[in-house]
Amino acid sequence: MTEDPLKPQHYRSRHLAHFLMLRAPANSPERLTQSISNARVDLNPHQVDAAMFAFRSPLSKGAILADEVGLGKTIEAGIVISQRWAERRRRILLIVPATLRRQWQAELDEKFFLKSRILETLTFNRLSRSGVRNPFDTRDEVVVCSYHFAVSKAEEVKRIGWDLIVMDEAHRLRNVYRTQNKMARAIRDATAHAPKLLLTATPLQNSLLELYGLANVVDPHVFGDFDSFRERFARETASPHAMRELKARLTKLCTRTLRKQVLEYIRFTRRVPVTQEFFPTDEEQRLYDNVTAYLQRETLVALPSSQRTLMTLVLRKLLASSTFAVAGTLRGLIRRLETLERKGETLPGGELLDDGFSNDFESLDDIEDEWAEPDPRKNGRPEINRVLLGEELALLREYADLAEGIQNNAKGEALLVALNEAFTKARELGAARKAVVFTESRRTQQYLLELLNADGYRGKVVLFNGTNTDKESREIYEKWSVRNGPSRSGSRSADLRAALIEEFRNNAEVLIATESAAEGVNLQFCSLVVNYDLPWNPQRVEQRIGRCHRYGQKHDVVVVNFLNRKNEADQRVFELLSEKFKLFSGVFGASDEVLGAVESGVDIERRIARVYQECRRSEDIQAAFDTLQRELEEDISGRLADTRKTLLDNFDEDVISRLKLHENETRANLTDHAAKLLDLMKLELPEADFHPDEPRFTHDGTDYHLDWREAERLSAVFLRRDHPLASSAIERAADRSLPVAALTLDYTNHPGIISALDPLQRSGTSGWLSVSKLTVESAETEEHLVLSGLTDSGEALDEELLGRMIPLIADKPGLEPLSITPPEVLTDLTTERVKSRLFGIEERRSAYFDEEVEKLDAWSDDLKDGLERELKELEKEIKAAKKISRAAASLQEKLTVQRQIKAAESKRNRKRRELYNAQDAIDVRRDELISGVESQLEQSESLETLFTVRWSLT
């Protein structure tokens, strides 16, 4: 394209182009303007606040965004990712649950126009075979992978200098301090070198130690070692001062908004509970009683001791799910016992997982670590009691035959009734005829598919589970692939899940889902949730309902639960979840405050499982659940609930004011940004047809609109900052070299009033104007436009007025460069204004430095306190031993104790010497870290003059 001859409008264009390209400092609302203006999202103030929190300091190692379920943490992270991308820091990794990979890819593409690649084994190997040394190493796509894949490729992840790593559902990492949590530790170690953003609605469930775990993943220098954290903050007797200090540290790391706090600008629908009662048949009840009695036997050969509690829980869940689910599992146990009988020795416990447990019960992997028990076989395999084995084998065969002989389940028949009634209720509420039915068993899922197909739902049901290898799912995927063309994700499994959800949204009526759909999948187009199997873990129940009852849901959500009227324990579990946790009704369901106050979802499952396992009589069951409810009430109203509020739910009037301020600033910035982009397009595309009253135009036969909502409504192209048409115009204008020239400012025909210009116009004043760009390189890069101007009489004009004068440049032909040199006073004025900018930057850098030093001082103090605590414990031991020695009755006893005292004193003296050396080493490490901070803050500046003009006002 041939450049036009020099025109006055080129000066306006260059000013606008550089304004639109500016990189703002970390703590400035303008920092997010580029990314937000490029996004197709309805932003809420708390989301802007969260994104700004993530950018609060260029020295930050990351942040935890902990808004409640359904408040848009994906959008918050998307803003941060988009901003990094706009700054050309494009080595970005997303680590998410496998079920969410395609959803994340779609969100980045549809809302933020960002390309991404899903890495899994097939794509990784294909890229490796094609010569790509490390498939994680890409600068033109966001990389998305699952937690398990990131662990399997930890070395490859570690080798990339990531600009940002985002981890969704990051509560999976909160137990990283436990040595047995290998996945969390592998993730932490592989990503230790990169800035991180952790997303979780439940950063604290069981213990304050979980906060230590998450903080340690983000930044290992927020707290000292695990023991010092536990001793200082996690004891029952922790002081109010300690809690204030803990909050102060967390406030710089974690931000959180609750649903009840955003009612001013977000409308939430209600949850409407429906209870569907059913009565098992005599055969079903006999099977239940027999398997229950079997599980309560003192010794079970089929279940290794290290896994008995967990597998007993799973068996009970499958027994409550369907006769089909428990039949398959019983056959698996039979095969195991037959193998034991044949080999004559026990088998590794892991082989049990191949007998149908993990293949059918998908959430087993998630809870296995938490339920693990010591395995006595570490000291050798115990002998097999062949008599017990034979008895057990005979019982299991009898029970399996009974289960397989039952072809109709009372709960299944009740589902048909419940769906009809629930669809009627949904229609009354104006909602679509769509229901998601949750089960914990794949075998039950298959049974329900056949049941619904036989009842008139054929072709209207979609299955969703961890593998989806069934024929119907493959057909849905193939049709989806034809419609959508080549995979953009690079992941067949992710595309398959996207195809299934799309099929449910567009064509089907029922989605039968296992736990795979309970985490992260957005189903707000569906307003009917059916808990065919009801988890005992309230966290899992809330996750399920939260798939539909979330931001964007337009209808009240009907929640259907099944209640076995012949099972007292089941009834008490339902009562617990409904009345104590309030999961099924109201506007919010269970608050995170309540869910987090009870120890943990898994711990609730343990306590409930104990009742099922130990109680045989009705009165025992009732008494046990009464006790459990009392304990839960104490937990919910206890110290941890108050602690959670104190530490995380920091939402006072100051925060409300800040949110409103951010909302107003963001809207003003976006309005200004859009206006300047439109002005630039008018200047750079004079041949386009611009609408006089709206931000839209037609160019080369294509309609463009600067408001994405209106663009969608009018089927126009959303013109954003990074659209190729806008980018080329901005780059063209920004790169023009402009000579010193004489320009006319046409104030006479300006529609508005600029009071400060009135006296200048009346007196016929003229003068000089210069626009420069200041670039400051430090821990971050920031840019500022510096406007300098003065009248011929030497009066300096402020920058706000100069900014309003530039749009007055008149478009007159015959522009010629000036050969005269601008006055020195103009250069002096620019220098003065640059110094003012640098002073403000220096103040910010100083605040960043002080904050980092304060953090590192606290970290080193934590470590030193831990070392001194060991000495204090030894002193206590010595003092106690001396007391025992004085009270000893015989000389022999006194001599024995004195030898113990001598050994303890020797150990104390050695520890004392080690303490001094260790404290010195901590100080050295602290100084090294501070030196690293200092080097990050080393600063360089450059100043580029964009143009200088001589102006006259008419």
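## Cores

A nonpolar core is a set of buried Ala, Val, Leu, Ile, Met, Phe, Trp, Tyr and Cys residues joined through side-chain atoms within 4.5 Å. Buried, here, means under 20% relative accessible area; exposed means over 50%, and partly exposed covers what falls in between (1.4 Å probe, protein chains only). With that in hand, look at the largest nonpolar core: it has 113 residues, and I81 and L197 are those with the most contacts inside it. Helix α15 (residues 323-343) gives the most to this core, namely eight residues. Helices (H or I, at least four residues) and strands (E, at least two) are DSSP runs, numbered from the N terminus.

What does L197 touch, if we skip residues up to four places away in sequence? The list is A54, A63, L65, A77, V80, L164, I165, V166 and M167, where contact means heavy atoms within 4.5 Å.

## The model and the whole chain

A word on what you're looking at: this is a predicted model, in which local features need pLDDT of at least 70 and side-chain atom pairs count only at pLDDT 80 or more, while totals for chains, interfaces and linings use all residues. Residues are numbered from 1 along each chain as its sequence is written, and side-chain values use heavy atoms, with hydrogens and water left out.

The protein chain has 954 residues, and buried ones make up 56% of them. Its secondary structure comes to 35 helices and 21 strands. Take the contacts between residues at least 6 apart in sequence: 79% of them join residues at least 24 apart.

## A helix with a buried face

Now zoom in on helix α11 (residues 226-233), where S228, F229 and F233 are buried. Seen down the axis of α11, its buried residues fall within an arc of 100°, so they line one face of the helix. (The arc is that of the directions from the helix axis to the C-beta atoms.) Those buried residues of α11 pack against α10 (209-218), α12 (240-251) and α34 (824-887).

R84 has its place in helix α4 (residues 73-86). Is R84 buried or exposed? Buried, with a relative accessible area of 10%. Leaving aside residues up to four places away in sequence, R84 touches R31, F55, R89, I92, D163 and L164. The C-alpha atoms of R84 and S35 are separated by 8.5 Å, and the two residues are 49 residues apart along the chain.

## Salt bridges

Side chains of opposite charge can pair when their charged atoms come close. The structure holds 46 salt bridges, each being a side-chain nitrogen of Lys or Arg within 4 Å of a carboxyl oxygen of Asp or Glu. One of them joins D556 and R270, with the closest N and O atoms 3.0 Å apart. D556 lies in the loop between α23 (538-546) and β13 (557-564) and R270 in the loop between β7 (254-255) and β8 (271-278), so the pair ties together parts that are 286 residues apart in sequence. D556 is buried at 14% relative accessible area, whereas R270 is partly exposed at 42%.

R297 and E391 form another, their closest N and O atoms being 3.7 Å apart. Here R297 sits in the loop between α13 (282-295) and α14 (308-321) and E391 in helix α18 (residues 386-405), so this pair ties together parts that are 94 residues apart in sequence. K676 and D672, with closest N and O atoms 2.8 Å apart, both lie in helix α29 (residues 653-684), four residues apart, about one turn of the helix. There's also a network of salt bridges linking R23, K773 and E783.

## A four-stranded sheet

Four strands form an open sheet, in the order β14-β15-β16-β17, with mixed pairing. Two strands pair if DSSP finds at least two bridges between them. The edge strands, β14 (689-690) and β17 (717-718), each pair on one side only. Strands β15 (residues 696-699) and β16 (residues 702-705) pair in the antiparallel sense over four bridges, and H699 stands opposite T702 in β16.
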